[in-house]
Amino acid sequence: MSNTNFFVDQKLTDQQLKQYRDDGFLRLGRTLTDSGLEQMRASVMNAWEAEKGPFDPSATWLKNSLLVDIHKQSDIVRNYYLNGPLVDVAESLIGPNLKGVTSQLTFKMRGNTSPFAWHQDNGYGELDPYNALTTLTALDDADEQNGCLWILPGSHKMGQIERLSKEQKDEQISLDTRPDDESKAIPVPMAAGESVCFHCHTLHKSEGNRSTTRDRRIVFLRYADADAVEVYNNRQPRLGPLIRGKSQFESIRPYAITSL
């Protein structure tokens, strides 16, 4: 079955490229068709339920909210991550030499009222060059009640403002890098099947899920220049599948992309 049954192509306009440079984020609209959304929900929930089980208010944030390397457990996520519409977006914003660096589920199931404070994604995995891209794809309608993304437009222009040690990063500690002026922060609601992307230096947060009837499930994918190195790890190359172009590092190799 071809990607056209599941994915919605994205080609950025000059206006969108300017907006990304100015604001540090873009709302992309639909990137999953209705059938793609249905297929992805079913696929990732099989993995989630097998590893996580039901929401447990006494469990840790990692237990309740995160499942890493989801592309290794879901065929449709793997194809979406490595050959889907977000790859074209990433190439437009990063360049022709591109690798994937993160695929994970970031869930706030109903009852999970824990917020995640202001932070930069490059604080949890500082990569150089500083143009890595985070993408979020909503599997549920996400709004202020159930814990949607909040962003501070233009905050990426401040550059790197926080750095975690490897131990802190591994524990997913929230540093609460609160901006001086939160009044300019905006919520970024998404309908199920829509995506948003933002720069690695863009400040963002999410509140807890206050809904008693709705989950907030997100597929989180991160892309970087194929030669990106981990600053926090003695500048070793960040491992990840080479998606487009080439890399100077032998450890960065093309990934065998399977089609659905």
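1. Alanine 138 has isoleucine 218 of strand E11 as its bridge partner. Strands here are DSSP runs of E with at least two residues, helices are runs of H or I with at least four, and both are numbered from the N terminus. Two strands pair if DSSP finds at least two bridges between them.

2. This is a predicted model, in which local features need pLDDT of at least 70, side-chain atom pairs count only at pLDDT 80 or more, and totals for chains, interfaces and linings use all residues. Residues are numbered from 1 along each chain, and side-chain values use heavy atoms, without hydrogens and water.

3. E11 spans residues 216-225 and pairs antiparallel with E6 (residues 133-138) through 6 bridges. With E3 (residues 98-108), E11 forms 10 bridges, again antiparallel. Threonine 102 is bridged to arginine 222 of E11.

4. In E11, 10 of 10 residues are buried (under 20% relative accessible area, 1.4 Å probe, protein chains only).

5. The largest nonpolar core has 38 residues, and Met40, Val44, Leu105, Leu133 and Tyr223 touch the most other members. Such a core is a set of buried Ala, Val, Leu, Ile, Met, Phe, Trp, Tyr and Cys residues joined through side-chain atoms within 4.5 Å. E3 and E11 are among the elements that each supply at least two residues of this core. Apart from it lies another core of 11 residues, including Leu149 and Ile218.

6. The axes of helices H2 and H4 come within 8 Å and cross at roughly 120°; axes are lines fitted to C-alpha atoms over the stretch in contact, with angles from 0 to 180 degrees between N-to-C directions.

Terms used. Buried < 20%, exposed > 50% of the residue type's maximum accessible area, 1.4 Å probe, protein only.
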